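Hello,

Here is the structure I promised to pass on. My notes follow below it, and I hope they are handy when you open the file.

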Amino acid sequence: MNLTVLGATGGIGQEVVRQALAAGHQVTAVVRDPARLTVTGAGLEVFRADLADPAALRPAVAGRDAVLSGLGARRRKDAGVAARLTRTVLGAMEAEGVRRLLVVSAGPVGPEPDDGLLDRGMRGLVSVALKDVYADLRAMEAELARSTTDWTVVRPPRLQDKPLTGTYRTVIGGFPPRGRFIARADVAHAMLAMTGDPGTVKQGVGLAY
């Protein structure tokens, strides 16, 4: 496939680029600072763009089979960036007639699983601490729902920098019970696997170990 990866210098984005290249895909990595992209390989195009401008992004998505986005706030003070940048991405994709889009959200944004009291309490504390970030992600998901794209929202729990396992649980329209962690590498793996899965189109998908 011919893929575009946004947020390609982030933890999940770099894993998407790395795994996609290893699988033989053609990858356009959209970055603000090419020096921060440590992944190299045949089939990689590095595209420098200002994500505030849909017109500047259009050449990076034109003719692609899918766009995979790891964009989002890394800190509370960055809240708002996910919805704002996703609007730019949607504008560029809709202008170019590109339909498939996969984005990263967060487990607490989706439906709550039927967990025990401890897990519910932990989620409640995290939701309060990161309420601005989660409000941003909910706004992003609302933008996707209003769009014409064939979107999928991937909702992981707490992210870890650990090796790829390829073994995790997924729940379409929900979240795995007692799912507390997942590696960024496995989130990337799941996104690539879902790219060609019609059952995940216009769905939120929870994933965790």
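The salt bridges come to 8 in total, counting a side-chain nitrogen of Lys or Arg within 4 Å of a carboxyl oxygen of Asp or Glu. This is a predicted model, so local features need pLDDT of at least 70 and side-chain atom pairs count only at pLDDT 80 or more, while totals for chains, interfaces and linings use all residues. Residues are numbered from 1 along each chain as its sequence is written, and side-chain values use heavy atoms, with hydrogens and water left out.

One of the bridges joins Glu143 and Arg87, at 3.0 Å from N to O. This pair connects helix 5 (Glu143) with helix 3 (Arg87), 56 residues apart; helices (H or I, at least four residues) and strands (E, at least two) are DSSP runs, numbered from the N terminus. Glu143 counts as buried because its relative accessibility is 16%, whereas Arg87, at 42%, counts as partly exposed. Here buried means under 20% relative accessible area, exposed over 50% and partly exposed in between (1.4 Å probe, protein chains only). Arg146 joins Arg87 and Glu143 in a salt-bridge network.

Another bridge pairs Arg155 with Glu141, their closest N and O atoms 2.7 Å apart. Arg155 lies in strand 6 (residues 150-155) and Glu141 in helix 5, 14 residues apart. Both Arg155 and Glu141 are buried.

Arg184 and Asp161 also meet in a salt bridge, at 3.0 Å from N to O. In this pair, Arg184 is partly exposed at 23% relative accessible area, and Asp161 is exposed at 68%.

Best wishes
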